[in-house]
Amino acid sequence: MVDVTPEKVEYVGPAEVPEVDLYHAKTWWTKYVFSQDAKVIAIQYSGTAVAIGLVGLVLSWLMRLQLGFPEFFSFISPDLYLQFVTMHGMIMVIYLLTALFLGGFGNYLIPLMVGARDMVFPFVNMVSYWVYLLAVLVLVSSFFVPGGPTGAGWTLYPPQAILSGTPGSGAGIVLMLVSLALFIIGFTMGGLNYVVTVLQARTRGMTLMRLPLTVWGIFTATVLALLAFPALFVSAIMMTLDSVLGTSFFMPAIVEFGEQLQYGGGSPVLFQHLFWFFGHPEVYIVALPAFGIVSDLLSVHARRNIFGYRMMVWAIVGIGALSFVVWAHHMYVSGMNPYFGFFFATTTLIIAVPTALKVYNWTLTLWRGDIHLTLPMLFAIAFIITFVNGGITGLFLGNVVVDVPLSDTMFVVAHFHMVMGVAPILVVFGAVYHWFPLMTGRMLNQAMGQFHFWVTFLGAYLIYFPMHYLGFVGVPRRYWEIGETNFIPESAESLNAFITVAALVVGFAQVVFIYNILTSIFKGKISERNPWKATSLEWQTTTVPPGHGNFDDELPVVYRWAYSYSVPGTVDDYTPQNVHPDDVVKIAAEQGGD
Amino acid sequence: MDFFREISSKPWLESQVAIDDTHQGGAYTLPSVTIGLRIFLGVVTVLFSLTVVAYSDRMTLADWRPVPEPTLMWLNIVVLFASSVAMQWSVISARRGRTANVEIGMLVGGALALAFLAGQLLMVRQMNALGYFAPTNPALAFLYMLSAMHGVHLLGGLVAWGRTVMRIWGGHEAHQVRMSVELCAFYWHFLLVVWFLLFVWFSIT
Amino acid sequence: MWAAIAVFLVALGSLVFHLITPWWSTPIASNWGSMDLTIDITFWITGVAYIVILLFMAACIYQYRNRADKTTTSPQSNHKASYDPENKKLELWLTVGTAVAVAGLLAPGLIVWNDYVTVPDDAVEVEVMGQQWQWGFRYPGADGKLGTTDARLINADNPFGLHLDDPNGQDDILVEGDDLHLELGQPVNMLLRSIDVLHDFYVPQFRAKMDMVPGLVTFYWMIPTRTGTFDILCAELCGSNHYAMRGLVVVEEKEAFNAWMAEQQTFAQLRAEVEKNAKHGSSLALNAVGAVPVDSVVAR
């Protein structure tokens, strides 16, 4: 490093990015409904995602009731069960988590954290939300068409997705594919915004390495999504054509219930390659924003810089890049060329190294910190536990030969729920408790929050940790009932019943959480500005919640990275990014305030 | 590369702070819309590449028959090329501030693009009339699908084109619409290259 | 305080649960003990990592928690966090350590996978055919060769779609509606195919598993090492009755296996009966054929 003596930085006037025409809403409609303000769009995205997510939650209860008490719920037929499974999976992965992290947190936090007034293309951003809403409505409409929604599993594997032996193989699957295509179109509009905003709309002094990890996580996830979603888009178009026009992209010669079909020559494995070329990056599209956000939660609430910031950035970028060369680890027993197994097992286990480093750095951030066990901190700790647990079982499934006995069993279900269901959702909760005061100016209720945390974390752990062991026994996934076997003990049924009860209890805790949000918006304790004493720019706005245009007449100027916590020699245990070096109160020599 | 140098810097060091404080915001001097369009075209490139990868995988299976190439395909690609040339002429005129020529270039380019789309439709009808029917022939199904995907992108471009033409008619001068014209032309060239590569691909398979 | 205890209890509880769990792999009945061994190795390496990380976290939370305040991050701290942006040496050692552990997981995995995909020369072939929602089995018969098939040839009289003029197929033994029989200690290459959707031939005691893909013949090989009757489950979602797509595999001594095999009919014999019945003008000819309940095919 060249030893540059720090020069005193001259005051550089307000930084304006000329091509962002700030749109000024004139009517109630354009302010709250067809708004082009990223913060309003964020809340619209989040609200829609949570609403459809609640449908997904109810579906999971119905599914668990059937699994836990197979004799009691005669209305749940095998067809309905598969439809619940499919819609639960698709809703949670795409319409809840992806939309919430990128459309919700991305829209709210990116402009604020980089010090911009808004996204760079506010109109496109608005259209993005409305297309997403349309996608959700198309998805919901599939519940009401003859035959119901598709029951092909969220992976939608052909040929069964479009053949009559699967529920919803008529209108259901077509609506599903159309909805996905719409989602992708809507997402692409939003995604272009997030990427260009991070690149172009950063304020003065905000270099890439001064960005909070939240922005890094969302930015990298968006890049992944922009590159991965086209694979799903193509496969959705091709499968729609196979289904509606009778082409044979994925459909080989098929004898369905004794009848020869017109299809011939296609390749079901080709679909799987396309699907997982999207599907594996999708895991990181959900995980990377969670990685970023949890890093910031840990850092703020442990009053300590994130340990190894550079390594964290490299790990995010590295994991993102590697995520495109591991997709076929979902296909070890798919019938693809078995020699691919060597390559994909190796790449998959390599990706464990940067991921493990992130875990170490999170725990090392706690080490020698000043840990405030606030709700966001509790959720962050719970995230580390569930994520490490799910990551470790990923090492089982990624290691090709260990995957053979475990694939398509409950072990897989437990693994991916732990790693990309529970872990990211815990981060979402932590983030909501953390940023709720910014968004509303009020705090969430502590007592309800504590209840919500302990029930959700311990309950989810009790659901998914024992579930792995059902997989070892050999209980297959997506089974309406286990039925008679000569190898599954009776006690497995009791475990299933226990898991169902735990799932219902955890579900109830979410109702408390939503009640807490709804009441706290109006009645919560008024929060201070910047109640967590955080350094990043979103807390440095003049009004809370931040007004239209985010900042005052002048955009903030950034003088340091986002992790100046407990810096030796300063009086406060944090220094916001935009505080001029002259204004920092030193311990030894008072260098004067304003 | 700058990116890698930047992400290996240590933002907490005093020496790095001095460097970082001179950062003027943003990353590129290009306008944001240009960057946005380029990233979007990157996404479109991935979309078409993956389809071609799927095509080449499907090609290895037993029932594959090569795509026929009607003469109309050759004609269409010439029309699309001419359309791109007209758009480029429009850009040059915009840079020189000749509003009337911008308008002529845009209108000719748009008309030729519409002619190309009509030609593509005609090509599909011609092939159907000749007895090739898409569902039974995977190569043809791919040809139809890729043509449709390309056509839809061109239609999307025509929306932006329409807005620009309206602005010219609404009295905007060359320098005011220059950016829009440049972006349209860039998009046109991109779609020309995509279709040209697809055409070569259809020819060699 | 509670958080530290909770993290500690999660670690302890997981460990205890793992040690006393009544739910574990079924006793193995094939040569793939090496898969179980790889799972054990993975358990040891990752289990240690998991417990160490959790205990370290519990200790950090206990040691460095702020005793004054739990609801905000107010500055009345009893101690100040340390400020150390990174520690290259520590991160390097952690990287190396993790890489070594990961290599320790991967190496045995790849070695066993190599065995799994390399079929020994003395393996006999047995075909398993999946369709919604039942299993069919085909043995190569006296010549040891399976006849070639084509899904286009499948009809009520030819449920496996054999080429009628393929000499290798004439002595093939077709089994529908009965259990799969395998000979103890005989390496067998399971050739897997499907005629409608994806299925997966899964016998938990064999550990092995592979999808069955229409249009392809997939395979896995194994040696049955224990006599008995085991469940066959479908492990790839295949439609409404996926959960009910069951079957049985019987592993028996050579003599019993041969005796069972001798009772089965060859494809040629089945064809002869079909043709004879056809002359009698019975449109439901197939219902008369021995033990083959093909009504499921005809009725639909």
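A residue is called buried when its relative accessible area is under 20%, exposed when over 50%, and partly exposed in between (1.4 Å probe, protein chains only). The model here is predicted, so local features need pLDDT of at least 70, side-chain atom pairs count only at pLDDT 80 or more, and totals for chains, interfaces and linings use all residues. Residues are numbered from 1 along each chain as its sequence is written, and side-chain values use heavy atoms, without hydrogens and water.

Because 26 of its 32 residues are buried, helix 6 of chain A is largely enclosed by the rest of the structure. Along the way, helix 6 of chain A has a kink of about 30° at A:Leu226, shortly before the proline A:Pro230. The bend at a residue is the angle between axes fitted to the seven residues ending there and the seven starting there. Just after this helix, A:Gly246 takes a positive phi of about 80°.

Next, look for A:Thr347 in helix 9 (residues 340-366) of chain A. With a relative accessible area of 9%, A:Thr347 is buried. Leaving aside neighbours within four places in sequence, A:Thr347 is in contact with A:Val325 and A:Val326, contact meaning heavy atoms within 4.5 Å.

Finally, turn to chain C. C:Leu19 is found in helix 1 of that chain and counts as exposed because its relative accessibility is 65%.

Definitions and conventions
Chains are lettered from A and ligands numbered from 1 in the order in which they are written. Helices (H or I, at least four residues) and strands (E, at least two) are DSSP runs, numbered from the N terminus.
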